[in-house]
Amino acid sequence: MIQYPSLTEYEIEFKKRGRSALNFSGNYEFITSQNAPIKIFNHGSGAYAAIYKIRDVSSGKHYALRVFLKNGDAGNIQRVVRINEFLEGISAPWLCKSQVFTTGVSVMGRSYPAILMEWSAGKKLNDFVSGILHDNTMLENLQKKIVELSQDLESKNIAHGDIQSGNVLVEGSGINPTLKLVDYDAMFVPTITGQKATETGHSSFQHPRRTKQEFNPEIDRFSFWLILTALEVLKCDKKLWTNPNQGGFYDGDNFLFRAKDLEAPQQSRLVSRLRQLNRPSLNFYLDHLFSNNISSKREVPKLYSSAGIKSTRSQESVSEYKPKVKKTVSSGNDFVINSTPPIADVYLGDGSHLGTTPLKLDKDTYASKKITVKFNENEKSFYLNRSESEYNIFLGSSGKSASGAYFYIDSTPSGARIFAENGQFVEKTPATLPISQYANRKVKLVYDNVEERVYLNAALKDYHINLKATSPPPKPAIQEYGYYDNGQLYYVDLAGFEDRVRSGWSFKKIYKHGVGYEVNDLPELKEIVEKYKQNKPISSNNNGVIWALVILLFFLLLIFFASIREVETELKLLKLCRAILHQ
């Protein structure tokens with residue numbers, strides 16, 4: 001049994017001997033991975049192999065030199081050698097050409113096997129996607145290349161076994177890229193049929209039920225369906241390709257989906273959000289990806305456009321679709337945040353992502369908290385008031401067409417009936433109406449006994465109509481905040497409240513819209529109180545106490561002067577007595 005050198009022994013040998021440590025022809029030099037503070041030649045290592053980078057001095061071409069490590073599993077090492085020997089005999093655009101040398105390198109006087117492989121300068125798949133994110137044509141071309149890669153592998157009875165971003169490199173431009181596969185350790189090739197897999201791949205790219213017993217040319221299908229699905233998602237909604245802290249689902253290591261999404265798609269926030277888009281092309285890929293939660297077996301990957309279904313235009317985006325999402329109603333014990341369009345991101349004041357609309361939040365937990373609702377570039381911020389349970393936030397049109405050929409009509413409350421000029425019922429709000437049919441015409445919105453006629457101008461696409469006629473008119477600003485002083489109720493606006501706090505007033509309770517609050521329950525008031533906490537002047541609400549102290553001081557002074565008079569009287573009597581005695 002061969003006892004391979006350790007990583008340190010390889011490093012020392014290659015650093016000291018350089019080209020002379022290689023036992024195959026050619027003029028090569030080692031390329032360092034680090035030059036300071038010390039030179040390091042190793043470019044990466046795994047459980048039983050390490051990678052070094054060398055350059056052919058005459059051609060300038062770079063290669064990966066793979067060597068095997070001490071304590072590596074002899075069976076796995078032999079397996080890798082057999083895989084690479086098989087690959088030497090095939091030609092494929094995805095293949096990094098390799099050559100196996102049974103006595104490729106010399107370390108401390110002994111020869112060991114090594115594999116020389118073409119070095120790909122391509123970008124990792126996820127990095128490449130980041131560069132073409134805003135070009136749907138390139139994303140579509142990449143989908144085609146993924147399908148071609150899948151088909152070519154299976155046609156040769158090969159499976160990579162660990163399809164993930166780091167193992168799929170992209171060379172060339174986004175218009176006509178070339179995909180290269182690297183790291184062939186988990187690969188299935190015909191010469192090792194009957195063996196088990198050595199690993200089951202990256203958990204964010206693999207079916208959760210995949211086992212090592214499943215080892216055949218079809219094991220990559222699930223991973224390819226996942227990549228195709230994610231690329232289709234990005235053609236719809238670019239902001240999903242951001243960090244989870246920014247409301248996205250890309251963490252730098254996954255491809256939108258994470259292991260927990262694949263384990264329980266019915267509980268996945270991402271999958272739920274994608275299903276609500278109700279886009280035929282996206283549903284096609286989702287249906288194939290999640291067609292069977294028990295088994296990892298899947299159909300041959302294919303494009304939506306080749307499935308006998310009319311393809312969508314490549315430049316469409318999520319803002320071109322109006323998801324059919326019902327607005328949620330509060331039970332009274334929680335806040336409900338709805339938005340137009342729906343599926344807007346909801347953030348807490350500290351930037352943490354709470355979910356997407358429609359969203360319920362517990363009143364005890366979120367009362368008086370600042371909330372921000374964002375959809376694309378539009379956002380609105382507000383504070384949650386315990387006396388108000390439902391918030392309907394308008395963030396503009398969700399639209400329906402890339403050409404903007406629709407009016408978007410919503411109302412408060414939503415669910416108003418829309419009637420055409422001829423009295424025919426059209427739809428309930430929120431609704432989209434074709435500009436070609438309704439431009440320069442009037443429509444009527446009706447909710448309960450309230451109605452409003454609207455003239456649709458082709459130059460204005462979004463309409464939001466307020467039909468809350470039964471709501472009481474808002475109080476003047478001067479009456480927004482109420483407080484009691486000596487049994488009398490007074491109202492002030494925010495500026496008046498600040499004036500009183502600045503003067504030293506303190507308030508036990510504030511009344512807003514007829515409901516009593518502690519000052520700390522209303523963030524806008526709490527901020528003012530905190531502002532003037534330091535160097536607070538005497539409060540005019542404490543005038544009674546001040547007068548009591550003044551009166552008490554007055555009486556003390558009277559007692560003091562009275563006692564002085566008594567002493568003076570006693571001294572006069574004493575002097576009189578002494579005078580009498582002397583006589």
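**View 1. Meet R386 and its partner D364.** R386 counts as partly exposed, at 40% relative accessibility. As in every view here, the model shown is a predicted one. The side chain of R386 meets that of D364 in a salt bridge, with 3.4 Å from N to O. R386 sits in the loop between strand 15 (378-383) and strand 16 (390-394), while D364 belongs to helix 9 (residues 363-366), so the pair ties together parts that are 22 residues apart in sequence. And how accessible is D364, buried or exposed? D364 is exposed, its relative accessible area being 63%.

**View 2. E29 and R55 link two strands.** Here the side chains of E29 and R55 form a salt bridge, 2.4 Å from N to O. Because E29 lies in strand 1 (residues 28-31) and R55 in strand 3 (residues 49-56), this pair ties together parts that are 26 residues apart in sequence. E29 is partly exposed at 31% relative accessibility, and R55 is partly exposed too, with a relative accessible area of 23%.

View 3. In the salt bridge between K156 and D152, the closest N and O atoms are 2.9 Å apart. K156 is partly exposed, at 24% relative accessibility. D152 counts as buried, because its 19% relative accessibility falls under the 20% limit. How many salt bridges does a search of the whole structure find? The search finds 19.

**View 4. Now for the largest nonpolar core.** This core has 70 residues, and those with the most contacts inside it are L87, W94, Y184, F255, L256, F257 and L274. Several elements give two or more residues to this core, among them helix 2 (74-87), helix 4 (136-155), strand 8 (168-171) and helix 7 (269-277). Helix 5 gives the most, with 10 residues. Where does the core lie relative to domain 1 (7-118) and domain 2 (123-290)? Both domains give residues to this core, so it lies between them.

**View 5. A closer look at F255, and then a second core.** Leaving aside residues up to four places away in sequence, F255 touches L125, N126, V129, S165, F205, L226, I227, A230, L231 and W241. There is also a second, separate core of 30 residues, which includes Y10, L65, V100 and V105.

Notes
Residues numbered from 1 in each chain as written. Predicted model: local features only at pLDDT ≥ 70, side-chain atom pairs only at ≥ 80, totals over all residues. Heavy atoms only, no water. Core = buried A, V, L, I, M, F, W, Y, C linked by side-chain atoms within 4.5 Å. Buried < 20%, exposed > 50% of the residue type's maximum accessible area, 1.4 Å probe, protein only. Helix = DSSP H or I, 4+ residues; strand = E, 2+ residues; numbered from the N terminus. Domains from an automatic or database assignment. Contact = heavy atoms within 4.5 Å. Salt bridge = Lys/Arg side-chain N within 4 Å of Asp/Glu carboxyl O.
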